[in-house]
Amino acid sequence: MKYLVCNLKANKLKEDLNLYEKKLKNIIVDSNLELIICPPTPFLYIFQSNNYKLGSQDVSKFGMGSHTGENTAEQLSSLNVKYALVGHSERRGPFKEEESTIIEKIKKAYHSHIHPIYFIGEDRLEKENKETNKILEKQISHIINEVPDYKREKMIIVYEPVWAIGTGEIPTISDISNRVEFIKKIITEYYDLALPVLYGGSVNENNIEELVTVDVLDGFVLGESSQEIKNIQTIYNKIQKNH
Ligand code: PGA
């Protein structure tokens, strides 16, 4: 199974999203390439057709109860959410989300049968200091060690270098390939698992042609490019053609 995850972030208002969803319903999809849409949380209810799976951009580390402003895994699940983004750098940075918080979120997601999509990746300074592999290893082991064995296989990993988000810059094809191989090697050697690993960060309809040549990848995450349905369809078709 391959994946194409669309992260709409905090973009678009209700009317735009109604229109967006109407077009999304008509995208031609294939059962081997799962299309996952992560709309802004207040508008999850608009996204209820069968053409795609629904993801949330976050999930609370709390369960149901007195937690003002939170969206719990139980509530997201009741809106048909099947996947939740966790560890995105836009949460780790501005919201100071530590790994202990990410672990709580992952546990809550699992409890409601939501699959975590876990983001890892180095920032620009770490890249310049050649610390990428060290960072990736730490981000993987801190999380997976805490997830019960029998649930680990339900996780999707995204290699998303922080410096590539929204910048138009992507790593070289050989760098992506080496990083993804490294991630898969750690997961297999330490945990005896084969988890899907996706790439995210400035993926667009122009660079997808070369990105799909990275055989070890199991899919992609789109931010900016997911705002236009025609871009999603173009990228979707290119991935599908290549696998
Ligand atoms: P981008 O965002 O495609 O706009 O770089 C990706 C992401 O933040 O997941």
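I took helices as DSSP runs of H or I of at least four residues, numbered from the N terminus, with axes as lines fitted to C-alpha atoms over the stretch in contact and angles running from 0 to 180 degrees between N-to-C directions.

I note that the model is predicted, with local features needing pLDDT of at least 70 and side-chain atom pairs pLDDT 80 or more, while totals for chains, interfaces and linings use all residues. Residues are numbered from 1 along each chain as its sequence is written, and side-chain values use heavy atoms, without hydrogens and water.

**Helix pair**

I looked up helix H6 (residues 132–144) and helix H8 (residues 173–191), whose axes come within 10 Å and cross at roughly 40 degrees. I recorded the contact (heavy atoms within 4.5 Å) as including Leu-136, Ile-140 and Ile-144 of H6 and Phe-182, Ile-183 and Ile-186 of H8. I found 9 nonpolar, 3 polar and 2 charged residues in this contact; Ala, Val, Leu, Ile, Met, Phe, Trp, Tyr, Cys and Pro count as nonpolar, Asp, Glu, Lys and Arg as charged, and the others, Gly among them, as polar.

**Ligand site**

I listed the residues around the ligand (a heavy atom within 4 Å), among them Lys-9, His-88, Glu-160, Ser-202 and Gly-223. I counted 3 nonpolar, 6 polar and 3 charged residues in this shell.

A polar side-chain atom of Glu-160 lies 2.8 Å from a ligand oxygen atom. I noted that the protein covers 97% of the 280 Å² of accessible area that the ligand has on its own, by the Shrake-Rupley method with a 1.4 Å probe.

Notes:
A polar contact is a pair of N or O atoms within 3.5 Å; within protein, one must be able to donate a hydrogen and the other to accept it, and residues adjacent in sequence count only if both atoms are side-chain atoms. Helices (H or I, at least four residues) and strands (E, at least two) are DSSP runs, numbered from the N terminus.
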